[in-house]
Structure formats: structure tokens, C-alpha cells
Amino acid sequence: MTISFRLANAGRLGRAKSVRFSFDGKEYAGVEGDTLASALLANGVHLVGRSFKYHRPRGILSAGAEEPSALVGIHRDAERKTPNIRATVQELYEGLNAVSQNRWPSLSFDAGSVSDLASPLLSAGFYYKTFMWPKVAWKSLYEPKIREAAGLGVAPDLPDTDHYSARYAHCDVLVVGGGVAGLAAAFAAAETGARVILCDEQADLGGALRYEQGATVDGQPGWEWAQATVAKLAAKDNVRLLTRTTGFGYYAQNFVGLVERLTDHLAQPSPDQPRERLWQVRAKRVVLATGAIERHMVFGDNDRPGIMLASAARAYLNHYGVAVGRQVGVFTANDSAYWAAVDLKKAGVNIAAIVDTRDNPSGRAIEEARALGIELNLGRTVIRTNGRLRVSSMVVQAKKGGPERTIPVDALLMSAGWTPSVHLFSQSRGKVAFNKTTNRFVPGDYAQACVSVGACNGTDGIDPSVAEAFAAGEKAAREAGAKARKLSRPKAETSESWSRGMAGAAPGAGADAKSKAFVDFQNDVTAKDIRLAVGQGMRSIEHVKRYTTNGMATDQGKTSNLHGLAIAAETLSKTMPEVGLTTFRPPYTPVTFGAIVNHSRGPLFEPTRKTPMHDFAVARGAVFEDVGQWKRAWYFPQGGEDMHRAVDRECVTVRKAAGIFDGTTLGKIEVVGPDAAAFMELLYTNPWQKLDPGRCRYGIMLREDGFIYDDGVVGRLAEDRFHVTTTTGGAPRVLNHMEDYLQTEFPHLKVWLTSTSEQWAVIAVQGPKSRDIIQPLVEGIDISDEALPHMSVRTGKFCGVPTRLFRMSFSGERGFEINVPSDFGRAVIEAIWKEGQKHGACMYGTEAMHVLRAEKGYIIVGQDTDGTVTPDDAGLSWAVGKKKTDFVGIRGMKRPDLLAKGRKQLVGLKTKDPKTVLEEGAQIVADPRQAIPMTMIGHVSSSYWSENCGRSIALALVKDGRSRMGETLYVPMPDRTIEVEVTGTVFYDETGARLNG
Amino acid sequence: MLLIRCPYCEQELPEIEFRNAGEAHVARPPDIANENDADFEKYFFIRTNPKGIIYERWRHVHGCARFFNAARDTVTDRFLLTYKAGEKKPKKLPGAGKQ
Ligand SMILES: [Zn+2]
């Protein structure tokens, strides 16, 4: 049985309920309120992981979000295995199953730790240098091996079964951080009646009061004051308290991202509960009360399990009631670590010695330690430690060298000082300033409406922090519009002072030291690596960072950045601000993809658009394809047909009898107004003024550069009204293009543009029998060839509902496109289908539609054009009004390169073997025997098997294509070269006789 | 996410309601068909791409659908001013040069 390190008379968890959990398969017990880290420590477990590069045994460094070492996997079930969870923030729950990472075969015996012995090979820049050559070995040998050996946890291999939520929120004052400063600020702001959001990453608010034992606020012990203040805030309607909520990103205009963890602490989360919730908060004012993070000491072998931050040991003792050892050493360069020794000593734990690099520290902390009889080693340093899987002793020496003394310890607490957490301030684009007196970076110039208070602002001491925070909270509320009220601020007291300390390598960990003095525990970066990077020419801290990977792990260097900077500065003989601080970027702590994506996954990833006739197509057995957001019927297989058979049948049936097609997805824009025709003249290449009402025209739209942007059939319904169609999915950008010109270039034109894509359901009936099919359903329109010739439009009734009936064709057959109000689409297509069956018609889908149009050489914009194709390239010069003096693209079209020889032109291709179907996108060459790389002269843009032609057909863009009619060209494929003949683009009914019926 | 003030709606609204539409105050030549190559190049291809204040067009596409102009600092992303299409480029910008 493991021995308990839980002390009976320490901490706040008291006689909390026992909670069982397992770590690497072994069962342990903790208590309610524990984190995984405190529970492990209570069981005497310090070894929790192996390091990233050297596989060195690692323990628990901290008691909070800054933890670089104690990363574990939490396995809830087969689907939910979360890697790289910091044991220091994972709350314990009944049955929690944690596993260590980055070790094989076991945590206490890791075969990978030979890389520690081979570590001279693994120094800074190692990845860049060692594996430069040969190139092929990188892919096949080095990279997989490194990936196997190094790395953190294992990604889950099944889809995430949890769901995630998101909310937007607006407030007057957002307070990030719920320590003493954050609580004081939130309280002051809330008292004015302002809308306040207060968030904190921990389950309980109170911050450092969690462990700062001697602090009092308004006469109450600090922690009790914090909980009382929380209760007061919670009772207010104008306050939202968000615990377990990290402010991870600070964006423009006080837009702050928070992530709230809702179920990771629960033994049995309800399936209805989201695991996390993303808050996107827009705050009029932001108060940053993000505190400070204690730095470790950089000395030899400072990474052994059992070596941790002094404040962490205090938190484990004073909050969780856990002693981190029985024989505890302290290595420090500031006062705050003394309080850890004092608290532990008072709780009955033996303090082996305090080693302080300062020669003459003075003050309450030192006096108290002395009074308790703790041995002080002033002006001394720890040069290395011993112990394999747990620290067993520290080796102490005078700063200038001399005899070594080994002091047995089972835990070693360290503190180099406190780094203000300026992460969010820096993300807000505020500029940090270096304070020479205190040797630290603090908020300088602000870029946004925010203020930093307390420890993150470099304010020392609890009462000054409360004073500053309270005033800032009140001011922020007033600036956000709240009324000023006379408020009296809480008064706080403590005997503790946490300022000063050191940054960089401790005495004895200089350039000549042999053992590894770790700066960045998570990426295994040592003081030596930083010096090496500088020695190899890295001058900027950004370069040093990337070369050594210091601060680039998932903890983003919360404990290591300042040390790395100090060592680089020392090596360069510069000051820290001269070398510069690296930029802080979101997120502050890792955020799951789940939270970021939240609801936008699966069917909610993107809207799905279905036509009113969708279910009708489903009932007819349609197979659908995605076209943008649309689901379109692709083909209608009958009696076990495969796609090819179905498409062949549909194509033949359309030309023999008729086919019925859902064309609803076509974009539609209504252009209306006295200047509608003038506007159309400007937006399309074609002439429109003389088009009679009731007639249609195929229109081409260019961009100003002269390239084809869109096309479609346009019907003139009246002098002042055009029914414009666009490509499927093209309607929004075409309308945007039209609006742009109408609003900003041609605002004098009296024209209104309305998107009508969703208003009209469109059913195409194409084929020689089309007129016979629809005849019984049409009311009030003469649809004879004489009265309604090809390219005409009439309004009237169809199946008793209003219609815009187009005589037009995208198949080359006599055809109609029947527009009816969307709600009637389903009923109308059923009526047409009923009639169609009498005439041997079929339903056909987009694939047959594509084949039919290609047989006729009709282009699809975006398939046969690619944004660099002019009307002339596409063989559409006939559609450009020759007498026009202006339209969008008129000048761009005439650019020299667009008129020069050698343009790629649209042509047809026939394979020499009619059975061979070319691949769309395949490249075309003139001479297949030339050396590789060959000169490519074009590519295949459309290619199909045409059952109507009894052969394959293709469209292609080929250099000077129209002057190559009859030429043989070649399409080289991986396994063979295909011979093709250049032809015209029309493969079927070249005279167009069938169009007119 | 930026907040952008639509000069037509007279409201600050989230960026996702808007779409950028390129540099502002680039007028289409009235007799564009007869522009020489150099002038057309200047009109169609050349943009200022400044580090600092840019005058650009935005469209309140998911709101009133109007195009308008804005002066934005490309370094800080801060909007100094938005104004209606057709209005002259402002001579003075509020808070220009400040962070
Ligand atoms: Zn608007």
C-alpha cells in the first residue's frame, strides 16, 4: 500500500469524500477537490512522465496552468482519450483513468532514455543540421524514427463523441482572472450596476489566496474573503461568473475568447452536456488580473521528479493538505520561497536547508525561517542534484566554487522570482516595458480599452493590488457608462513580499557546467542550448527561440521565456530589452479543436440546400452529387443500372423522346427599372436594347480584365424587366458584381436588382416530345413553334399556377424551362412526370445534362473556362456587341496579350480510338517523343462517353486551337499516350435543326 | 473580430456581416474603351498597398447591402473612419497616427 502524504491538519479539503482513480493501471485514492497532481502527490507519486527529447524522468513542477512537465493522457472511454492534459489542472473524479506519456515500455524503465546518453547529438539546431543529408533518408528513416521516439501524447484514433457549444456575450466590464485583484475589480465594477463578466481558469476563485496563508482582507483570512466575495457577486443579476474558464485570446476591439470546461471534472457527464463552451465576448472595458507565474531556478539536473516551484508546494500544502516530501530543500533567489519553507515547517515537515543565492537577504520571511530554526545557506547555490526517478539530494556550493556539500532531500522547492502574466495584454497588441529596478517586463503602452491590475501589472503586495484593482474596476465601469457611486474598497494585509529574484542561469550553471540545466522542461531546452544558438549566430530572440525551440511547446514557455531571454542577453553581453521579448500569441493555454469548431461539424458544418423537388427525386431513386451547397440529382439508375448505363439511357431518351430535369439551382436575378436595358448593356457583352420583350438571349458577363465571369440565358419580360439566369452557385457573386457597378460606378441608372434564385422552381423539359408533354398543362400561352420559337419567354399559368415559361435549350433539343413559384415545384414536376411517362420521357440528372450540352459544344463557365479565358478564346466572339462603346471588360479584352497569337482556344477533341475517354484535366502535347518536361499546349476541360454519338467526345483549351482543325495531338498518360484529333466543338446536330423542333 | 461602422445603418456591427471590396477611390474611366495601355494598367492593376492608412471599400453584404468606404490602419487593423460611397476622401482622419 502506498504511504499517504496527506496531512491531517493542513489544507481545506478536510474530510472530503474519497475518490478512486488510476494512473498507469495502478489504483489510488484521492479526495473530492483534488487535482490529479495533488492526488498523486498525496500518494507519494512524483514521477509522472518522460521528457520530450531526452526521455528524462519528469515530475510535477507547478500547481497550475503553467505546468510544462506533468502531462498525461486521460482516457474516459474508447473514443475519448485526451492527450497532454496537465495533471495540475485536471480535477479528480471517481474512476478517472490517467496514463503517462512518451515512455516505452514503462514509466520507470524507458528504453528511449538512451537518447539522454546520446544527448550531445541532440543539442540546439540538431533537427536542422543532423538530418540535412541525404534528403531521402529524412523521409524514410530519420523523421519516422524521431516522431516515434520524441513527441508528446498520442492523438485519439476515433471521432470525438463529445459535443461542444458556443455563445456570444456582451458586457461593460470583462475581468480576466479571479484572484484577489480580479475579485476586487469585479466587485467594484459590479457595485456600479455595470454588466460584468468575471472568468477564472480554476474551479474556485481566489488565485494566490489559495496558498498565501498569512493574507487577510477586511479582517478575514484571504481565502474566506474571496469565497464571500464570490457569493456576493453570484447573487447579482448584472454579474456572470465563469469558473473553469480560460481567457485564451485577446483580439481586436476588446473581443476576447474564453473557453469554459463543463464536463472534464465530472465522473459521469450527461450526454446532453457540452464538454466545453466557447465564449466570444465583446467587452466595453477589459480588466486583466492574470497574476504572475513563478519561475524555476536554472541549475544542473533541475528537472528530477520532486523538484518543483515553491508556490506549488505551498498550494499542495495549504489548499490540498499534501506534503510534497518529508525532507524538503529550498533553492531560491527571492523571499517568496521562504514562506513555503515556513508553512511546511509549521505543518511538521522537515526542511533540510534553504539555499539562497543572495548574500544578505533580509525581511520578515528570512526572520521567520530563522526563528523556526531552518538552516540558511546564504550566498550559495545548488550546482546539481542526484536521484534516478526522484530527487535524493542537492549538491550545494559557494557561488564562486569551492567544496561541495551534498544534502539529502526528497523534494526541492525553487523560486527565481515571479513573471507578470502579460500574455493577454501582449495579445491585445499592447507594448510591454522593461522595469530595470525589478528586472521584469510589465504592461507599457496600451492598444485597447483595457487595464492590467495586480501582479500581472507588476504591482507588489496584496493591499496595493486591491487598491489598484478596485479603482480600476470602478473606473472601467464608469467609462463603460455606469454611474459613479461612492464605494469603499476592501483593505488587505500580509507580511509577504514577492518582488525581485533573478532571471537566467543560477550561479554554477554557467557555460562551463557539465550537467543539464533546463530552461524549457517541455521541449528539453537547456541553458547550454541557448548559449550554443547565440554562439552559432542567432542574435534576435525570435531566432534563438526557433533554433532551440525554447518556449515553443504547448506551455508556450510560461516558466521559461524570461530565463531563455536572460541567458541569450548575457551571452550577447546585452540587456534583456535590447534582445527583446518574444511575441505572445493566442491561445494562452491549448484550446481544443472541438471548442473552436463547436456546433459547426457534421451536418451543421455547412448549410445543405435542397430544391423543392428533392424528395421527388429521392422517390425516383436519384443518386445525388454536391454542387456547392446544393444537393443535385446526378442520375436516376433503373433496375440495377450502374452510372454509365443510367447516363447513357437518359441521354438517348432525351434525344429520342424527352427528359425532365430539375434546374432549380440555376441562379436568378431580376433586373428591373427604366434603365434596366442600359444597365444590361454595361454588364454584359451582348446588345440588349433591341431585344424584344418576350425574347431571350445568351449573355456573357466579363470582369474588367476581359475574362469570362459568368454566362446565362436572359429573358426580357418587359421593356423594363429582365429575368437573368446565372450558373449554379454563381448567383451571389454575380449579384455582388452587379450591385458593385450599380452602386459605385453607374449610380445614375434607375435599376433595382433582386435575387430570385429561391423564388422560382425550374423544371426543364427537353426533347422532341417536350411540347406534347407540357401542352395539356399550359394555360394562356401558345407554345407552338411559330408563336413561341426557340429563345422566347412568356408568362401565364402552368398547372393553374403562375409561370414564366421559357422556350430554350441546354441540350440542343426543342426544350422548355418552366419557372413556377418554389412552393409549387413539387406538384408541378409530378404533373409533368405523369404526362412525360405517356410519351416515354425519363427523369435525367446533372451528368446527362453535362453530356448533352457537351455534345452540342455548350460551355460550362468554371469548367471549360478558368478565369483566364476571353470570349474569343471560348469561340464566343459572336456574343460580343461589336457596335457597343462600353461594357465591363471592353478595355481589358483588348489588352495586347489577349489579342496576341498563341492564345488557348476552345476546340473539340476526338480520340483516334472512339472507345477511349480522355481524363478531364489531362495535358496535351504536339510531339509525344520530345524530352521530359514536355511543352504542354493545352488541357482537356470536358470529356464524356457520348452514347448518342457512339464515341467519346471532349472539349479542350489548346494553343491556337482553331487553326489546328484536323491535326493530331497527343495526351500523355502515366501508362500510355492517347492520340486525338482536333475538331469543332459541336459533335451532334451541327446545323442546330433540332433546336427549332 | 473587428467591429465596423456601416455609415448607412449608422451602427457598429461585427466583421462577418461585411466583405472587403478592395481599394477605394479608384474610379472607372468614363471613356474606358479608349484608354491607352499605361492608363488602363494604372486603373486596373496598380494599388497602393500601404503600411499604414488605406482607403478601402467594404460592403455591408449581410445587412443593408450597401458599398461604402473606410480608412483603416493596416498595421493595427483599426478603422479610423467609414463614409458613404461617392463622398470625397476625407482630408482629416480622427486619431490618425495614434496606436
Ligand atoms: Zn449597413
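Biologist: In what order do the elements of chain B run from the N terminus on?
Modeller: The order in chain B is β-β-β-α-β-β-β, that is, one helix and six strands. Helices (H or I, at least four residues) and strands (E, at least two) are DSSP runs, numbered from the N terminus. The model is predicted: local features need pLDDT of at least 70 and side-chain atom pairs count only at pLDDT 80 or more, while totals for chains, interfaces and linings use all residues. Residues are numbered from 1 along each chain as its sequence is written, chains are lettered from A and ligands numbered from 1 in the order in which they are written, and side-chain values use heavy atoms, with hydrogens and water left out.

Biologist: What does the C-alpha trace of chain B span, and what share of its residues is buried?
Modeller: The trace of chain B spans about 40 × 30 × 20 Å along its principal axes. Of the 99 residues in chain B, 41% are buried, where buried means under 20% relative accessible area, exposed over 50%, and partly exposed in between (1.4 Å probe, protein chains only).

Biologist: And chain A?
Modeller: The C-alpha trace of chain A spans about 115 × 75 × 55 Å along its principal axes, and the chain has 24 helices and 51 strands. Buried residues make up 57% of its 997 residues.

Biologist: What share of the contacts joins residues 24 or more positions apart in each chain?
Modeller: Among contacts with a separation of 6 or more, such pairs account for 43% in chain B and 67% in chain A. Contact means heavy atoms within 4.5 Å.

Biologist: Turning to the interface, how many residues of chain B are in contact with chain A?
Modeller: In chain B, 26 residues are in contact with 28 residues of chain A. The two chains bury about 2,300 Å² between them, 47% of it on carbon and sulfur atoms. On the chain B side, B:Met1, B:Arg28 and B:Phe67 lose the most area to chain A, together 29% of what that side buries. Buried area is the accessible area (1.4 Å probe) that two parts lose on being put together, summed over both.

Biologist: How many salt bridges are there between the chains?
Modeller: The count between chain B and chain A is four. One of them joins B:Arg28 to A:Asp886, with the closest N and O atoms 3.0 Å apart. A salt bridge is a side-chain nitrogen of Lys or Arg within 4 Å of a carboxyl oxygen of Asp or Glu.

Biologist: Which buried arginine of chain A has no salt bridge?
Modeller: A:Arg951 is buried without a salt bridge, and the nearest side chain of opposite charge, A:Glu981, is 7.1 Å away. Lys and Arg count as positive and Asp and Glu as negative; His and the chain ends are not counted. A:Arg951 lies in strand 49 (residues 951-959) of chain A. Leaving aside residues up to four places away in sequence, A:Arg951 touches A:Lys910, A:Thr911, A:Pro914, A:Tyr944, A:Trp945 and A:Ser946.

Biologist: One more topic: is helix 19 of chain A mostly covered or mostly uncovered?
Modeller: Helix 19 (residues 676-683) of chain A is mostly covered, as seven of its eight residues are buried. Among them are A:Phe679, A:Met680 and A:Glu681.

Biologist: What do those buried residues pack against?
Modeller: The buried residues of helix 19 of chain A pack against several elements of that chain, including strand 37 (708-718), strand 38 (721-726) and helix 20 (731-745).
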